[in-house]
Structure formats: structure tokens, C-alpha cells
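User: I am new to this structure and would like to learn how to read it. Please take one feature at a time, with the general idea before the case.

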Amino acid sequence: MKKSNQRRQLDKQKVFLEAFAQSGSVALAAETIQINRTMHYRWRKNDASYTPRFEAARERAQQMLASDSASHLANRLARGDIAGRIAHRARERQKGKITN
């Protein structure tokens with residue numbers, strides 16, 4: 001692959017990975033940057049440097065989503081939302097902090 005093509009591919013990958021880190025969705029990230037989502041899978045298959053960068057983006061996406069979920073749950077609990085309390089208890093139970 002020519003250097004200019006490599007540079008364009010790296011640029012697309014960088015933009016895709018940032019969009020993925022923000023959304024947590026391959027399909028949404030691909031749509032955002034106007035590529036077919038199968039390109040992501042080709043990159044994973046054919047570009048050894050892509051997979052570790054994707055895994056780092058996946059970790060950022062998971063952290064962001066978990067943070068948003070925790071923040072949303074805290075807001076619901078603060079408002080006295082019954083469903084929020086139920087969700088909180090379910091999470092505590094899942095973590096093993098509640099046994100019944």
C-alpha cells in the first residue's frame with residue numbers, strides 16, 4: 001500500500017476509533033464517519049496495529065458508558081425514584097453485596 005493510502009487509512013481508523021469510543025457501537029461509529037461497518041472487521045483481520053487500538057477504544061467506551069450509567073442511577077436515587085432503588089439493589093446483589 002502506498003504511503004498516502006496508508007496515511008488515509010490510519011486517519012480513517014483514528015476517526016472511527018474516536019467515534020466508537022464515544023458511542024460504543026461499531027455500526028454507529030461507521031455510520032458517523034460514512035464507511036461500511038465491515039471495514040472495521042477488515043482492519044481487525046488485516047492490520048495487526050489496529051486491534052490493540054480498538055481494544056483501547058473499547059475500554060474507553062465501557063468506562064464512559066459505566067460512568068454515565070452510575071451517574072444516571074445516582075440522579076434517580078437522589079430523586080427518590082423507586083425504579084432507581086430497584087436497579088441499585090440489583091447491581092449491589094450482582095456485586096455480591098446483597099444476598100437476599
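Analyst: Start with contacts, where contact means heavy atoms within 4.5 Å. Of the contacts in the chain with a separation of 6 or more, 39% are between residues 24 or more positions apart. This is a predicted model, in which local features need pLDDT of at least 70 and side-chain atom pairs count only at pLDDT 80 or more, while totals for chains, interfaces and linings use all residues. Residues are numbered from 1 along each chain as its sequence is written, and side-chain values use heavy atoms, with hydrogens and water left out.

User: What is the average pLDDT of the chain, and where is confidence lowest and highest?

Analyst: pLDDT is the predictor's confidence in each residue, from 0 to 100. The chain averages 84, and 85% of the residues score at least 70. Confidence is lowest in helix α5 (residues 82–94), with a mean of 70, and highest in α3, at 96.

User: How many helices and strands are in the chain?

Analyst: Both are DSSP runs numbered from the N terminus: helices are H or I with at least four residues, and strands are E with at least two. This chain has five helices and zero strands, and along the sequence the pattern reads α-α-α-α-α.

User: How is the reach of helix α1 judged against the expected value?

Analyst: The expected span is 1.5 Å times one less than the number of residues in the helix. Helix α1 covers residues 3–23, which is 21 residues, and reaches 30 Å from its first C-alpha to its last, close to the 30 Å expected. After α1 comes G24, with a positive phi near 75°.

User: Which residues of α1 are buried?

Analyst: An α-helix has 3.6 residues a turn, so residues three or four places apart point the same way. Buried means under 20% relative accessible area, exposed over 50%, and partly exposed in between (1.4 Å probe, protein chains only). In α1 the buried residues are Q13, F16, L17, A19, F20 and A21. Across the chain, buried residues make up 23% of the 100 residues.

User: What does A21 touch?

Analyst: A21 counts as buried because its relative accessibility is 3%. Leaving out residues up to four places away in sequence, A21 touches A57, R60, A61 and M64. A21 and R60 are 39 residues apart in sequence, yet 5.7 Å apart in space from C-alpha to C-alpha.

User: Which residues of the largest nonpolar core touch the most other members?

Analyst: In soluble globular proteins, nonpolar side chains tend to be buried together. A nonpolar core is a set of buried Ala, Val, Leu, Ile, Met, Phe, Trp, Tyr and Cys residues joined through side-chain atoms within 4.5 Å. The largest one here has 15 residues, and F16, L17, F20, I35, Y50 and F54 touch the most other members. Helices α1, α2 (26–33) and α4 (50–78) each give two or more residues to this core. The largest share, five residues, comes from α1.

User: What does F16 touch, and what is H40 in contact with?

Analyst: Not counting residues up to four places away in sequence, F16 touches V26, A29, A30, I33, I35, H40, W43 and Y50. H40 is found in helix α3 and counts as buried because its relative accessibility is 1%. Apart from neighbours within four places in sequence, H40 is in contact with F16, V26, Y50 and F54.

User: How many aromatic pairs are there?

Analyst: Rings of Phe, Tyr and Trp (its six-membered ring) pair if their centres lie within 6.5 Å; planes under 30 degrees apart count as stacked, over 60 as edge-to-face and the rest as tilted. By this rule there are four pairs. One of them, F20 with F54, is tilted, at 4.8 Å centre to centre and 40° between the planes. This pair links distant parts of the chain, with F20 in helix α1 and F54 in helix α4, 34 residues apart. Both F20 and F54 are buried. F16, F20, W43, Y50 and F54 form one aromatic cluster.

User: What is the phi of Q34, and is this residue buried or exposed?

Analyst: Most residues other than glycine have a negative phi. Q34 has a positive phi of about 60° although it is not a glycine. Q34 sits in the loop between α2 and α3 (38–46), and counts as exposed because its relative accessibility is 73%.
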